[in-house]
Amino acid sequence: MRRKEFGEAEDAFRRVLVSDAANLAARLGLAKIYVASGQRSQAIEQCEYVGRLYQSAGEPERAVEIFRRVLALDPSRALAHVSLADLLLGNGGGSEARTLLDRALELSASDAKVRSQVLERLLQLEPGNRALRLAWADALVMQDRVKDA
């Protein structure tokens, strides 16, 4: 597709979204245009939106597919690891979910808010793990959430 065709396709998808912001086909089409034109962050934004819609609509299989797509585009997105782990935990994928949460923990070392979310989920898997509980409390304190710690 040439640059002009990308622009025309993007415009068409955007027109659809003006009248129907939750149109998943238009959002996924827009994401494909963004990927093909090198606009990865915009593609990821569209995919994450679609993944959350599928998740809230009770379509976890489709949401899993979309969050896998996000991670293929950017494996360093800690929250995408968390979203995919949440979906897998709800569908018996505990082992893969744990691996995703461990990776999200590594990726969120400098972000106390995301880190606390990851640690909270890990504590759900291992409620008696003192090291996780201490790390979670530390992440909460770093966010000035001392009462929650």
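Predicted model: local features only at pLDDT ≥ 70, side-chain atom pairs only at ≥ 80, totals over all residues.
1. Helices (H or I, at least four residues) and strands (E, at least two) are DSSP runs, numbered from the N terminus. On that basis the protein chain has 8 helices and 0 strands. From the N terminus on, the order of elements is α-α-α-α-α-α-α-α.

2. Residues are numbered from 1 along each chain as its sequence is written, and side-chain values use heavy atoms, with hydrogens and water left out.

3. Overall dimensions. The C-alpha trace of the protein chain spans about 55 × 30 × 25 Å along its principal axes. Of its 149 residues, 36% count as buried. Buried means under 20% relative accessible area, exposed over 50%, and partly exposed in between (1.4 Å probe, protein chains only). Take contacts (heavy atoms within 4.5 Å) between residues at least 6 apart in sequence: 36% of them join residues at least 24 apart.

4. Core. In soluble globular proteins, nonpolar side chains tend to be buried together. Here the largest nonpolar core has 39 residues. Such a core is a set of buried Ala, Val, Leu, Ile, Met, Phe, Trp, Tyr and Cys residues joined through side-chain atoms within 4.5 Å. Leu84, Val118, Leu119 and Leu122 have the most contacts inside this core. The elements that give two or more residues to this core are helix 2 (24-36), helix 3 (40-56), helix 4, helix 5, helix 6, helix 7 and helix 8. Leu119 touches Leu105, Leu132, Ala135, Trp136 and Ala139, not counting residues up to four places away in sequence.

5. Helix 6. Buried here are Ala97, Leu100, Leu101, Ala104 and Leu105. They cover an arc of only 145 degrees around the axis, which puts them on the same side of helix 6. The arc is taken from the directions from the helix axis to the C-beta atoms. Ser95, Thr99 and Glu106 are exposed, on the face turned away from the buried side. Cover for the buried residues includes helix 4 (60-73), helix 5 (78-89) and helix 7 (112-125). Length checks out: at 1.5 Å a residue, the 14 residues (94-107) should span 20 Å, and the end C-alpha atoms are 20 Å apart. The expected span is 1.5 Å times one less than the number of residues.

6. Helix 4. Ala63, Val64, Ile66, Phe67, Val70, Leu71 and Leu73 are buried. Helix 2, helix 3, helix 5 and helix 6 are among what covers them.

7. Ring contacts. Arg27 lies over the face of Tyr49, at 3.8 Å from the ring centre. The criterion is NZ of Lys or CZ of Arg within 6 Å of the ring centre and within 35 degrees of the ring normal.

8. Check Asp144. Most residues other than glycine have a negative phi. Asp144 has a positive phi, near 60 degrees. Asp144 sits in the segment after helix 8 (130-142). At 72% relative accessibility, Asp144 counts as exposed.
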